[in-house]
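Work through the exercises below with the sequence and coordinates open. Each task is followed by a solution in steps.

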Amino acid sequence: MKIKILTLFPEMFDGFQTNSIMKRALGKGVAEIEVINIRDYTTNKYGRTDTPPIGGGAGLIEQCQPIVDAMRANSTEATHKILMSPRGVTYDEKKAKEYAKLDELMIICGHYEGIDERVNSYVDELVSIGDYVLTGGEIPAMAIADSVIRLLDGAITAESLEDESFNDSALEYPQYTEPYEYEGQTVPDILYSGNHEAIAKWRRKQSLLLTRKHRPDLFAKLELSKQDKKLLAEAESGETPKWEKDALEKGHKFIKK
């Protein structure tokens, strides 16, 4: 897919495109990012793209003409155009997956005190990444581009996407690395058992517990299966279930001491 980003500060995206997973994904042709300078489209003889707000007020407001002309010059009927705005729908993983199916996405970054109200009528959607104020839409645009591109085939391994947080509105289970013990904290023995079915059940249980504790809003949206309810009941009982005891017993020789 292709992502086009309209901004007054294209240099902010230099490092974003040349590091880590994003660099590899773009290098492999999984996606393409085109950063477009809105200033290139102003008709103001001094190169201005902003003016004080009509009616008075603080700051400077981005004008319609440069933004709309930049949009028109760089989009087709297939381009889905979004404007970063506090009025917009809150961006989430579901929205990222929707965008990952598009052929072309255009992200318009606001800056300064705001954007002329009339620009809203030229986009397909208003999007917000949260209820806080940033100096511009560039960081939100990077967040969206990153979250979308990593979902595309070839960006990262399919296995890495399977159990991530928010895939089913639940947080991801805990992850561990060596050493087994670090400053008194140890890796759960079940992860050394070699019993992949038991490990999967343990991870699902932890995912449910973490979501209920840290994100009750997400937990309320979960459609709990019979097994999910059983796992939660096990956790609430405080006893180690038989399936976990059996896995630990059979895999005891692999468990570190």
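The exercises concern a predicted model and cover salt bridges, cores, a sheet, a helix and a pocket.

**Exercise 1. Salt bridges and burial**

Task: Classify the partners in the salt bridges Asp 50 to Arg 48, Arg 87 to Glu 117 and Asp 116 to Arg 118 as buried, partly exposed or exposed.

Solution. 
1. The cut-offs come first: buried is under 20% relative accessible area, exposed is over 50%, and partly exposed lies in between.
2. The side chains of Asp 50 and Arg 48 meet at 3.1 Å, N to O. Asp 50 has a relative accessible area of 7% and is therefore buried, while Arg 48, at 37%, is partly exposed.
3. For Arg 87 and Glu 117 the N to O distance is 2.6 Å. This pair links distant parts of the chain: Arg 87 belongs to strand β5 (residues 79–90), and Glu 117 sits in the loop between β7 (114–115) and β8 (125–128), 30 residues apart. With 56% relative accessibility Arg 87 is exposed; with 45%, Glu 117 is partly exposed.
4. In the salt bridge of Asp 116 with Arg 118, the closest N and O atoms are 2.7 Å apart. Asp 116 is buried at 17%, and Arg 118 is exposed at 55%.
5. Shared partners also join Lys 2, Glu 32 and Glu 34 into one network of salt bridges. The search of the whole structure gives 14 salt bridges.

**Exercise 2. The nonpolar cores**

Task: Find which residues touch the most other members of the largest nonpolar core, and state which elements each supply at least two of its residues.

Solution. 
1. The largest core has 29 residues, and those touching the most other members are Ile 3, Ile 33, Ile 82, Tyr 99, Ile 107, Ile 144 and Ile 149.
2. At least two core residues come from each of β1 (2–7), α2 (20–27), β5, α4 (93–100), β6 (104–108) and α5 (138–149).
3. Helix α5 gives the largest share, six residues.
4. Take Ile 3 as a case: leaving aside residues up to four places away in sequence, Ile 3 touches Glu 32, Ile 33, Glu 34, Leu 105, Ile 107, Ala 145 and Ile 149.
5. Another core, of 13 residues, lies apart from the largest one; among its members are Ile 36, Ile 38, Cys 64 and Val 119.

**Exercise 3. The largest pocket**

Task: Describe the size and lining of the largest pocket.

Solution. 
1. The volume is about 650 Å³.
2. The lining holds 25 residues, and Met 84, Ser 85, Pro 86, Gly 110 and Gly 114 lie nearest the centre.
3. β5, β7 and β8 each supply at least two lining residues; β5 gives the most, five.

Key. Residues numbered from 1 in each chain as written. Predicted model: local features only at pLDDT ≥ 70, side-chain atom pairs only at ≥ 80, totals over all residues. Heavy atoms only, no water. Salt bridge = Lys/Arg side-chain N within 4 Å of Asp/Glu carboxyl O. Buried < 20%, exposed > 50% of the residue type's maximum accessible area, 1.4 Å probe, protein only. Helix = DSSP H or I, 4+ residues; strand = E, 2+ residues; numbered from the N terminus. Core = buried A, V, L, I, M, F, W, Y, C linked by side-chain atoms within 4.5 Å. Contact = heavy atoms within 4.5 Å. 1 Å grid on protein atoms, 1.4 Å probe; cavity = no way out; pocket = protein on both sides within 12 Å on 5 of 7 lines; lining within 4 Å. Points joined across faces, edges and corners; volume = space filled by probe spheres on them.
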